[in-house]
Amino acid sequence: MAAEGVVTTAAAAVASHHSWRDSYKGMSSDNIKGLVLALSSSFFIGASFIVKKKGLKKAGASGVRAGVGGYSYLYEPLWWVGMITMIVGEVANFAAYAFAPAILVTPLGALSIIISAVLAHIILREKLHIFGILGCALCVVGSTTIVLHAPQEREIESVIEVWNLASEPAFVFYAAVVIITVLILIFHYIPQYGQTHILFYIGVCSLVGSLSVMSVKALGIALKLTLSGMNQLVYPQTWFFTLVVLVCVITQMNYLNKALDTFNTAVVSPIYYVMFTSFTIVASVIMFKDWDRQNPTQIVTEMCGFVTILSGTFLLHRTKDMAADGSTPASVRLSKHADEEDGFGEGIPLRRQESMRT
């Protein structure tokens with residue numbers, strides 16, 4: 001009887017081990033490749049925010065600022081250094097989407113927030129409060145949670161399969177809503193409120209970004225299959241996805257420059273991350289049906305990880321306005337217009353700016 005009990009216990013342990021292994025499928029070899037590429041991407045992109053911001057400040061001192069429609073930064077070498085750094089990061093990010101699902105790659109952008117916040121504190125003298133450091137820690141914890149419970153990459157053998165997924169009614173509806181919303185923001189709200197409300201610039205970047213990520217993933221899959229011997233360049237769908245990527249990236253770059261030049265870097269980065277990641281996860285769940293390959297426990301855990309990251313970015317955002325004693329001025333929104341006048345100071349409330357203009 002004792003021997004039978006031992007055998008039964010051992011069998012249960014083995015069954016439990018196999019059950020855990022079957023439920024935990026996130027870290028496949030492709031997912032690991034995507035993870036390494038995504039982490040590298042976040043490092044380069046986080047650093048590029050600071051270098052580009054320095055270039056924008058230098059260009060704005062001798063020309064028309066990007067925040068008011070100027071393009072003098074195109075003649076500034078430092079801005080181009082930041083742009084090249086960002087391109088390197090985006091290339092790594094592009095490659096990551098070819099190996100891992102968007103629900104794994106996109107949230108890891110939290111690392112770029114940490115890097116940009118720390119570098120902004122050191123280089124741009126933008127204060128990082130102790131709760132901002134806690135926010136960075138929360139971003140790391142949330143990212144780790146998502147990495148450990150990410151879904152397996154979907155097996156796709158042709159870009160036509162991706163096109164079929166993008167042509168389904170649910171994603172077509174999502175894309176139509178995004179395009180209409182972006183056009184309304186660009187032509188109606190941004191001309192009136194772009195200089196005083198950060199969400200309009202970032203909203204355009206994030207909505208367009210969700211479509212660009214889906215197209216980048218499609219293009220990455222096409223190139224991966226082509227390099228493996230299955231030529232996908234003969235399909236017009238591959239070139240359509242390429243066109244969408246180009247249009248979306250140019251739009252994102254333009255409005256992100258405006259946001260960076262107008263508002264504080266430590267505010268732009270977390271808000272952009274939260275909105276961009278949220279819309280990208282929604283787009284990926286609709287188009288690639290990531291959650292169809294997971295059980296409810298994994299989905300809930302991923303969402304808890306994402307909420308943890310959101311909490312971290314919220315702390316980074318809110319504590320930017322905190323004074324040394326921990327107090328937070330009411331209804332304060334920072335504008336970088338004041339930084340140029342006060343020597344990288346903390347800025348002044350927009351309500352005061354508007355009254356001064358009047």
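**Note on the pockets and aromatic contacts**

1. S112 counts as buried, because its relative accessibility is 11%, and the cut-off for buried is under 20%. The model is a predicted one. S112 belongs to helix 5. Beyond its neighbours within four places in sequence, S112 touches S42, I45 and G46.

2. Which helices each supply at least two residues of the lining of the largest pocket? They are helix 2 (29-62), helix 3 (77-99), helix 5 (110-122), helix 9 (198-227), helix 10 (236-262) and helix 11 (265-287). Helix 3 gives the largest share, with 8 residues.

3. The lining of the largest pocket divides by class into 24 nonpolar, 10 polar and 1 charged residues.

4. The second largest pocket has a volume of about 440 Å³. It is lined by 23 residues, and A175, I179, L211, V244 and C248 are the closest to its centre. Two or more lining residues come from each of helix 7 (159-166), helix 8 (169-193), helix 9 and helix 10. The largest share here, 9 residues, belongs to helix 8.

5. How many charged residues are in the lining of the second largest pocket? There are no charged residues; the lining has 20 nonpolar and 3 polar ones.

6. Now the aromatic side chains. The model has 11 aromatic pairs. In one of them, the ring centres of Y201 and Y255 are 6.3 Å apart and the planes meet at 40°, so this pair is tilted. The pair links distant parts of the chain, with Y201 in helix 9 and Y255 in helix 10, 54 residues apart. Are these two tyrosines buried or exposed? Both Y201 and Y255 are buried.

7. W163, F240 and F241 make up one aromatic cluster. Elsewhere, K217 lies over the face of F288, at 5.6 Å from the ring centre.

Terms used:
Residues numbered from 1 in each chain as written. Predicted model: local features only at pLDDT ≥ 70, side-chain atom pairs only at ≥ 80, totals over all residues. Heavy atoms only, no water. Helix = DSSP H or I, 4+ residues; strand = E, 2+ residues; numbered from the N terminus. Nonpolar A, V, L, I, M, F, W, Y, C, P; charged D, E, K, R; others polar. 1 Å grid on protein atoms, 1.4 Å probe; cavity = no way out; pocket = protein on both sides within 12 Å on 5 of 7 lines; lining within 4 Å. Points joined across faces, edges and corners; volume = space filled by probe spheres on them. Buried < 20%, exposed > 50% of the residue type's maximum accessible area, 1.4 Å probe, protein only. Contact = heavy atoms within 4.5 Å. Phe/Tyr/Trp six-rings, centres within 6.5 Å; stacked < 30°, edge-to-face > 60°. Lys NZ or Arg CZ within 6 Å of the ring centre and 35° of its normal.
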